[in-house]
Structures are given as structure tokens and as C-alpha cells.
Amino acid sequence: MPAIALLSALFVVGFDQFVQWKYGTMGILGLLLLTVGIKAKSPTCSSVGAVVLALMVAQPAL
């Protein structure tokens, strides 16, 4: 069980660093809003986070 927790923590930290490197501060803010909204079961917060992330990902195509 501790190995699974350690692996998931490493994945989350790695993903967080990748998002910050690739998309900057707004990417981290969107990921934070999405995560907090899912954990708090707040559709508004998670929707705002998802929209921010979608805009960050779609920006190079626009």
C-alpha cells in the first residue's frame, strides 16, 4: 500500500512540474482549480479549471 501511495505522489509531482514547464502559472492555476473542484464536489470550480486548461492547451492552435 505505501508503494502505491508513493508512486501516485511521484506521478502527481511529475505531472505538476510538466504542466508548469509547458503551460506556466496559468496551467498550474487551472490544474489546481480542477483538482479542488473535484475534491470539493464543486461543479463551478472544476468547470473553471477545466476551461482554463482547455484554453491553455488550445492556445497554440488558435
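Is the crossing of H1 and H2 left-handed or right-handed? Here are some notes to read beside the model.

1. First, the ground rules. This is a predicted model, in which local features need pLDDT of at least 70 and side-chain atom pairs count only at pLDDT 80 or more, while totals for chains, interfaces and linings use all residues. Residues are numbered from 1 along each chain as its sequence is written, and side-chain values use heavy atoms, with hydrogens and water left out.

2. On the overall build, the chain has two helices and zero strands (helices are DSSP runs of H or I with at least four residues, strands are runs of E with at least two, and both are numbered from the N terminus). Taken along the principal axes, the C-alpha atoms fill a box of roughly 45 × 25 × 15 Å. Of the 62 residues, 18% count as buried (buried means under 20% relative accessible area, exposed over 50%, and partly exposed in between, with a 1.4 Å probe and protein chains only).

3. Now back to the opening question. The crossing of H1 and H2 is left-handed, meaning that the near helix is turned anticlockwise from the far one by less than a right angle; clockwise would be right-handed. H1 and H2 pack at an angle of about 150°, and their axes are 7 Å apart. That angle makes H1 roughly antiparallel to H2 (over 145 degrees; under 35 is roughly parallel, 65 to 115 roughly perpendicular and the rest oblique). The axes are lines fitted to C-alpha atoms, for helices over the stretch in contact, and angles run from 0 to 180 degrees between N-to-C directions.

4. Two C-alpha pairs are worth a look here. Lys22 has its place in helix H1 and is partly exposed at 46% relative accessibility; its C-alpha atom is separated by 9.6 Å from that of Met56, 34 residues apart along the chain. Ala54, in helix H2, is partly exposed at 43% and lies 10 Å from Leu31, C-alpha to C-alpha, at 23 residues apart in sequence.

5. The loop between H1 and helix H2 (43–58) holds Lys41. Lys41 has a positive phi of about 55° although it is not a glycine, and this residue is exposed, with a relative accessible area of 74%.

6. Please also look at the surface patch. Phe11, Val12, Phe15, Phe18 and Trp21 form a nonpolar patch with about 620 Å² of accessible area together (patches are made of residues with over 30% relative accessible area and no salt bridge, joining nonpolar side chains (Val, Leu, Ile, Met, Phe, Trp, Tyr) within 5 Å and like charges within 9 Å). A salt bridge is a side-chain nitrogen of Lys or Arg within 4 Å of a carboxyl oxygen of Asp or Glu. Areas come from the Shrake-Rupley method with a 1.4 Å probe, and for residues only the protein chains shown count as cover.

7. Val12 is found in helix H1 (residues 2–39) and counts as exposed at 52% relative accessibility. Phe15 lies in helix H1 and is partly exposed at 38%.
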